[in-house]
Amino acid sequence: MTNDSYSPPSESTGGKPLKSSMKNPYIAIVDDDSSFSSYLRTFLSLRGYEARCYTRGDELLASMKQTEAPDVVLLDVMMPGLDGLATLRALKASRPEAQVIMLSGRNQASTIVEAVRLGAADYVVKPDDPEGLGEIALDVAIKNAIEKNRLVSELVELRQQLIDDEDRAVWGNSEKMRGIATVIEQVSDSDVTVLIRGESGVGKELVARAIHQRSTRRNRPFVKVNCAALPAELLESELFGHERGAFTGAANTRIGKFEQADTGTLMLDEIGEMKPALQAKLLHVLQDAEFTKLGSNKRIQVDVRIVAATNSDLEKMMLSGDFREDLYYRLKVIELTVPALRERPDEVPTLTDFFVARYSRKYNRPLKPISEELRQMFLLYDWPGNIRELENMVKRIVILQDEYLVIREIQRNMQRHAAVQAAAPAPMAVAAAAAVPVGAGVSGFPSGYGSAPPEADDDGREEAVDAPEEGGGSLASVAKAAAMKAERVAIEQTLRQVHWNRRKAAQNLGVSYKTLLNKIKECGISRA
């Protein structure tokens, strides 16, 4: 509001400058009255604040896109062009956490109510009283706004620390995961595209969020789109938005995920499921940082970092023509491969304890540790569903307070896996067993869970395990015999390689020393 006759009140109530080793708070003054802005600048500098003046609301909004955001905004209600309330609305839309104090030459109830409704931190009548009460009110309002800023920042930091602690627990501390964490720290502050690969359930979204949280975009949106969840026609609208009437059922204009993620990060999950026609449009956006909505010719510019994820073989898809080669190389600036859980079995106990604690709190259940029997079973299980499968199993145990259903599920999965191996040609099955990867367990079949081990004679010698007769025997017995045969081949070959150093053999096979001794006894293996 313009007020050329304004004269500053007495400085008798001037406060002392703020004493802090930190940077002085920055306050933006938005008022078309230059004399009042000059007075406010002096008022604020005497109190240790850094002040910058703007004559219009759109000036401030444009400046905030180029420079740091102010800690507090002092905003005049009545201004030509974009008035105070319209500026407040735009400010809160772009920065919901902004602390805005509305200033007016008069106390108008309807304006106060509207300002508070739009998110103003306070409403102060411009100081013009000789006693200096208006200055006191303004000083208090500014201090309250700065304190609220501080509390909000602390809350954000605490939440981020909690997220980081959870991330560390879920990530574990294996060499492979530490390597991924190192790469994330190196690339997070740049805007290069990242392609995250790995099986379903290994935590690809967690890696994408870690990249975003450690980047300069951390306070901007993180938007995820699952490319496999929608058909191609709807996926295009989901990504780029559409105008009203663009297609049947488009009753309203819609903003797409690219616009929602502007200045932030967009995660394209299951990128391998995107159809080639849509891949071409995505490539154009990556190259030119602009696109058009469905049903529109207007170009929209965006500033978005892309993080893509897939469990598909993109190289094979390129050869078959299902994935564009140029898009592949555009996405694969940085490539991260998240290892499967079976490749990092040492993390299973840590993950188990973490999920038990998390869901005990969430579902208000007693913190009951997993039994040692089930822990051993977890260590020997192959985890085809990776971390997601482990999380769901632990969640079920916590909610039901019963391990039996999970034990039975693991047993059925192991028997099914054994049946598949038994149905394969014998040389292939033996070769697969002889090439057991470190950390995968001995063919993935624990002793004592799927079926009972063979009984021993009185002198301690075990009875031989007879193969099922041709054309007879249940599926379970076939699976058991095939599993034991494969295990025996793997163990014998490993023992010969290490010259019967059983501790080293156990390490190579990814099992405990005690488990290996039991297996040697169970399979009737003896040193020649």
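These are my notebook entries on a predicted model of a single chain.

**Overview**

I started with the whole chain. It has 528 residues, and 42% of them are buried. I found 20 helices and 12 strands in its secondary structure. The chain exposes about 27800 Å². Carbon and sulfur atoms supply 51% of that area.

**The open sheet**

I then traced a sheet of five strands. The sheet is open, the pairing is parallel, and the order is E2-E1-E3-E4-E5. The twist from one strand to the next averages 20°. Which strands stand at the edges? They are E2 and E5 (122–125). Each has a single partner strand, so one side of each is left without a neighbour in the sheet.

I looked at E1 from both sides. E1 (residues 26–30) pairs with E2 (residues 50–54) over five bridges, in the parallel sense. Ile29 stands opposite Cys53 in E2. E1 also pairs with E3 (residues 72–76), again parallel, over four bridges. There, Ala28 has Val73 of E3 as its bridge partner.

**Helix H1**

I followed the chain out of E1. It passes through H1 (residues 34–45) on its way to E2. This β-α-β crossover is right-handed. H1 lies across E1, E2, E3 and E4 (100–104). I noted its angle to E1 as about 165°.

**Asp139**

Is Asp139 buried or exposed? Its relative accessibility is 14%, so Asp139 counts as buried; the cut-off is under 20%. I set aside residues up to four places away in sequence. Asp139 then touches Phe43, Arg47 and Tyr49.

**The nonpolar cores**

I turned to the largest nonpolar core, which has 31 residues. Among those with the most contacts inside it are Leu239, Phe258 and Phe323. Several elements supply at least two residues each, including strand E7 (222–226), helix H8 (232–240) and strand E8 (265–269). Which element gives the most to this core? H10 does, with five residues.

I checked Leu239 on its own, leaving aside neighbours within four places in sequence. Its contacts are Val225, Gly256, Lys257, Phe258, Leu268, Met274 and Leu278.

I also logged a second, separate core of 23 residues. Phe355, Val356, Leu374 and Ile387 are among its members.

Methods. Residues numbered from 1 in each chain as written. Predicted model: local features only at pLDDT ≥ 70, side-chain atom pairs only at ≥ 80, totals over all residues. Heavy atoms only, no water. Buried < 20%, exposed > 50% of the residue type's maximum accessible area, 1.4 Å probe, protein only. Areas by Shrake-Rupley, 256 points an atom, 1.4 Å probe, with all protein chains shown as cover. Core = buried A, V, L, I, M, F, W, Y, C linked by side-chain atoms within 4.5 Å. Contact = heavy atoms within 4.5 Å. Pairing = 2+ DSSP bridges. Right-handed = clockwise from strand over helix to strand, strands pointing away. Axes fitted to C-alpha atoms, helices over the stretch in contact; angles between N-to-C directions.
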